[in-house]
Amino acid sequence: MRTAQVTIVGLGSRGLGVLQQLARGADRLPSGVGLDVHLVDPGESGQGVHSGRQPDHLLTNTLASQLSMFPDGSGPTFTEWAAQAGYRRFGASYHRTDPANGEPIGEHDYLPRSMLGEYLTFVFDRTVARLPSRMRVVHHRSRVLDMEAADGRYVVHTEDGFQITSDAVFLTTGHGRRTPTDDDVAFENFVADHRARNDRLAYLTDPYPVDTLQRIAPGSTVAVQGFGLTAHDVIAALTVGRGGRFEDEGHQMRYVPSGREPRLLMFSRQCLPAAARGVNQKGLTGDYTPHFFTPDAVGDLRRNAKTTRGTTQIDFEAEAVPLLLREMGYVHRSTREQRDIAPEQYEFTAEDQAAIAALMDPLGGKEFATLDDFRAFFTAFVTDDLDHAAQGNLSSPVKAATDAIRDMRASLRAAVEFGGLTPASHQAFVSRWVPLMNRISFGPPRRRNYELLALMRAGVVDLAGGPGCRIIPDREAARFAIETPFTDEPAVRHADALVIARLDLFHPETDDSPVTASLLARGLIRPYANGGYRPGGLDITPAGRVIDRTGEPLAGVWALGYPVEGPRYYTYYLPRAGMASRFTVEARDAVDELWQHLHTTLSEEDIDARPDRQPVSLP
């Protein structure tokens, strides 16, 4: 006689999504069965990386009005919750206050991630409060160290000594950290060997939590590798987070230093900034419907590949990219001319091709004589992009074309997921096309790039170099050196600290989590592989069941979210209000399989469902 036991490892948004599906489908439990759901996470319930304790200057990069853990409308969106909780806007900050103060939060606000954490905890509390009587939640505020298979069940070992014997397990652990690479070790050794000569010398492979950046001394020079969303967090932490402030808005914005900032030198492989999000003119649920790069068109490519090459795998660059570029050209032309064009009459002209090529590759084979020349190009590029962003994603041809990429994710997934591309093409997709699309389509709110320009004018932020720059340890100077081979005047700039401002891809073999290492050693998981290429992530079935070392799906173990970025594409997002979401579908599909699993493994005489059981939180 027993109650079914399910464990969710990691209680961020993905784990919360699984809990929601368990609560909604509890009537599908076998007759007379109770269900204990063990949640293992040391943080606040539901928050994951969106800690409610992080500084308010760290922003979401998606409109709050578009985010909802209730995409079916059964609960408030992020913005609706914020209003109900009493939040009001005061300039660029948000506070709980009397409704007579401040301004109401609108559909164009990008809210702090700390508020998103509060919202996720609200969703958790509401979900637990409405659990059916046959369900109980037990929150273990700890980490999982190990998991072993035992007689058709799984024993989950937590850091504080609990052993949770489970009929099923969901792995929703979110972002991880890599074990040190050879470069990491070399830079760390350089810092250790030379810090006696330069006490500001530091190397940070991960800026999160941003409190770790407090070790960087005011007045030091910091090289920040990256121009994406993580880099903007680093900039905010080392400027506003040090007491500085911004005044005015848009191109008139200026930065007033506190005097406690370091000087920041930005660089990356191409030294191109992430494009700002255009003002949303599509409404909360508006999406562009593609005409050329569609899931059906991807299916046609597969059938042609099968006929001509004997494989259903396609070449992304040779076969899918022409459709993607044609789609962007169609949107660019339609927006430029502000008229509907019949898709069958559209010709992807040389003019359209040149416009899209300029969006995809702004450097376009350009060469720069000096750092001053590249800096002038960079600031002009950011300024022009902000002007397009201010026009909006239906008025600016640039922002309409790039925003369409976000609306073609279903087509991208149809092309990429579960070995849809040839191995070489898959590698090109991950290494070239994903960063490119992220840069032009999934960038920060406009405010961040206005801030970047204001910080450059204030002399707090500058470029470390240009395209093709490289960083080396300068042992003689006891500092990091960033070298760029400009054509007339090569540049060398020095920094005391180096911050790697990008998130690590999840590779099971290099993840530093003890539970990942244990699962690999036990053969309960294996890295996903597309032929000879390993893009990252765990190997899973389309419904999310984890595949073990032998190639067999485990009975009763599923993985969702960032740990399966590899077989899946674009897993790091929250559901959109009023729209069907893969986030919800993936959780539902996995939980549907759970109900089938429990019906198979539990017999009536093996059941004890006790009513009136209450949620439990274990320290």
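Modeller: Happy to! Let's start with helix α3, residues 113-129: its 17 residues should span 24 Å at 1.5 Å a residue, and its end C-alpha atoms are 24 Å apart, which agrees. The expected span here is 1.5 Å times one less than the number of residues. Helices (H or I, at least four residues) and strands (E, at least two) are DSSP runs numbered from the N terminus.

Please keep in mind that this is a predicted model, in which local features need pLDDT of at least 70 and side-chain atom pairs count only at pLDDT 80 or more, while totals for chains, interfaces and linings use all residues. Residues are numbered from 1 along each chain as its sequence is written, and side-chain values use heavy atoms, leaving out hydrogens and water.

Buried means under 20% relative accessible area, exposed over 50%, and partly exposed in between, with a 1.4 Å probe and protein chains only. Across the protein, buried residues make up 56% of the 619 residues.

β1 pairs with strand β2 (residues 35-40) in the parallel sense over six bridges; two strands pair if DSSP finds at least two bridges between them. I8 has L39 as its bridge partner in β2.

Elsewhere, an open sheet of five strands with parallel pairing has the order β10-β19-β11-β14-β15. β10 (202-204) and β15 (461-463) stand at its edges, each with a single partner strand, so one side of each is left without a neighbour in the sheet. Strand β14 (residues 263-267) runs parallel to β15 and is joined to it by three bridges, with L265 opposite D462 in β15.

Stepping back, the protein has 15 helices and 22 strands. Its radius of gyration is 25 Å, close to the 25 Å that the globule rule gives for 619 residues, so it is as compact as a globular protein of that length. That radius is taken over C-alpha atoms, and the rule is 2.2 Å times the number of residues to the power 0.38. Along its principal axes, the C-alpha trace spans about 80 × 65 × 60 Å.
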